[in-house]
Amino acid sequence: MSFLQKTAIFCCLILVLYGCGQRYDKKSFYALGTIIDITLQEKDISYFDNIKTLINTYEKSITNAAHDINTAKKNEKVTVSNEIVELLKQSSYYYNLSNGHFDITIATITSLYGFPEGPFKIPNNKHINKAKTQVGFHNLKINYENNTLTKSTDILIDTGAFSKGTIVDKTVEYLKSVGVKSAIVNAGGDLYCIGDKNENQWTIAIKHPDENSNLLSTIFIKEKAVATSGDYERSFEENGKRINHIFDAITFSTSDKYKSMSVIADNTETADALSTVYYLLPVKEIKKLCQEMDTPVLIYTKTGEIIKLCGWDLYEKKE
Amino acid sequence: MKRFRIFDLLFIIFLILASLSPLIFVNIDNRHKRLKIIIENSDFYFPLTETKIINLRKYGKEMLVQIGNNQAHILESDCRNKICIRAGWIKNCGESAVCLPNKVAIQIDCEKNYIDAYSR
């Protein structure tokens, strides 16, 4: 082979290799009380409309079920769909895992403060004290056999702490079923990375709550979910105290230990739920639980300390 | 051994340049940034190079977006909680500030992002 031929083959190879990289497009829409960003390969972009319909349908079904449960009277029987029963089962699981700190019935109290949508206010003590006597997952009597439930007190529920993750997972399931090999489904920071990006890991940044121009961490993942819970997006300040939407069902008050809590997990529901569960627990307990659950954690404390647990730092290095 | 002719040499130079061209274009893409404003279901694009204030009233939103110095922020919004204003200036590829009540988001749009997604 002449030098000319060798050079020609080498150059063509480089051209072909560059051409191999698929191009991506990102499309966004509003749902689940946030902005949904879908990153797809250009060849898969036609699935975008189906994704939108799917997410809107799931959202509607969860919102309607929550409405039925929340407007039901004490001891009135409410029939719910299989999907909602699954959500309630998961709620019960995370309630037990967190020893009662994480409780979807805390909405009975957070709604008095105006969460999730505002206007926010400090409710009067009389209302808070009454709500305290009602809150408790055990007050939801769920019959898993025939998909019904009754409330033994006037409680409200909100599955917002992890239903976003559940819906991201359903979307991922759909995309995989139609053969999508590489994509990101991101529901306001709770995201799943399908496959890899042109044979590389995806690069995911965790936003810094205090410094706009800085990142808390940059991680490299594939086939993994990441979710973050923070005190800075849904919160308000009253008399110098920041009241954020994550409330502890044991103390009945806003949790003020951390500014941000990020979790890596195998699915988005787990990442989403655990980022809230961990947010409610002291570091010592997070350390124990993240080992048990095999979920790396990034903590940013109120005092500005960054704590990486259960192998978070391993994801900060590219493979 | 055969000797190179001038056309062989030119052909080699052409091939080398052609093979490097994607790298050059990729790098140009990397630097190419613009502001994407997502209003309800529509996307609007603005250059980040000029300094100006965009009034979103013509799109039915009582909001002002300021651009300057290759970055942007939501300057004013009639929403209740002003979370979008608190998000401050955004400048990195893929970074965004979102006003959920108004269904308006501003996002730094790059042809090629170093960061694929943000968790916040």
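Colleague: Tyr94(A) and Phe162(A): buried or exposed?

Modeller: Tyr94(A) is buried, and Phe162(A) is too. Buried means under 20% relative accessible area, exposed over 50%, and partly exposed in between (1.4 Å probe, protein chains only). Keep in mind that this is a predicted model, where local features need pLDDT of at least 70, side-chain atom pairs count only at pLDDT 80 or more, and totals for chains, interfaces and linings use all residues. Residues are numbered from 1 along each chain as its sequence is written, chains are lettered from A and ligands numbered from 1 in the order written, and side-chain values use heavy atoms, with hydrogens and water left out.

Colleague: Which other aromatic pair is there, say with Tyr258(A)?

Modeller: Tyr258(A) pairs with Tyr279(A), edge-to-face. Their centres are 6.0 Å apart, with 70 degrees between the planes. Rings of Phe, Tyr and Trp (its six-membered ring) pair if their centres lie within 6.5 Å; planes under 30 degrees apart count as stacked, over 60 as edge-to-face, the rest as tilted.

Colleague: Where do those two sit in the chain?

Modeller: Tyr258(A) is in strand 13 (residues 258–265) of chain A and Tyr279(A) is in helix 7 (residues 268–279) of chain A, so the pair ties together parts 21 residues apart in sequence. Helices (H or I, at least four residues) and strands (E, at least two) are DSSP runs, numbered from the N terminus. Both Tyr258(A) and Tyr279(A) are buried.

Colleague: How many aromatic pairs over all chains?

Modeller: There are 15. Ring pairs also link Tyr113(A), Phe115(A), Phe120(A), Phe236(A) and Phe247(A) into a cluster.

Colleague: New topic. How many residues does each chain bring to the contact?

Modeller: Chain A brings 48 residues and chain B brings 42. Contact means heavy atoms within 4.5 Å.

Colleague: And how much area do they bury?

Modeller: About 3800 Å² between chain B and chain A, 54% of it on carbon and sulfur atoms. Buried area is the accessible area (1.4 Å probe) that two parts lose on being put together, summed over both. In chain B, Asp116(B), Ser119(B) and Arg120(B) lose the most to chain A, together 22% of what that side buries.

Colleague: How many salt bridges cross the interface?

Modeller: Two, by the rule: a side-chain nitrogen of Lys or Arg within 4 Å of a carboxyl oxygen of Asp or Glu. Lys207(A) forms a salt bridge with Glu95(B), with the closest N and O atoms 3.7 Å apart.

Colleague: Which element of chain B gives the most to that side?

Modeller: Helix 1 of chain B, with 10 residues.
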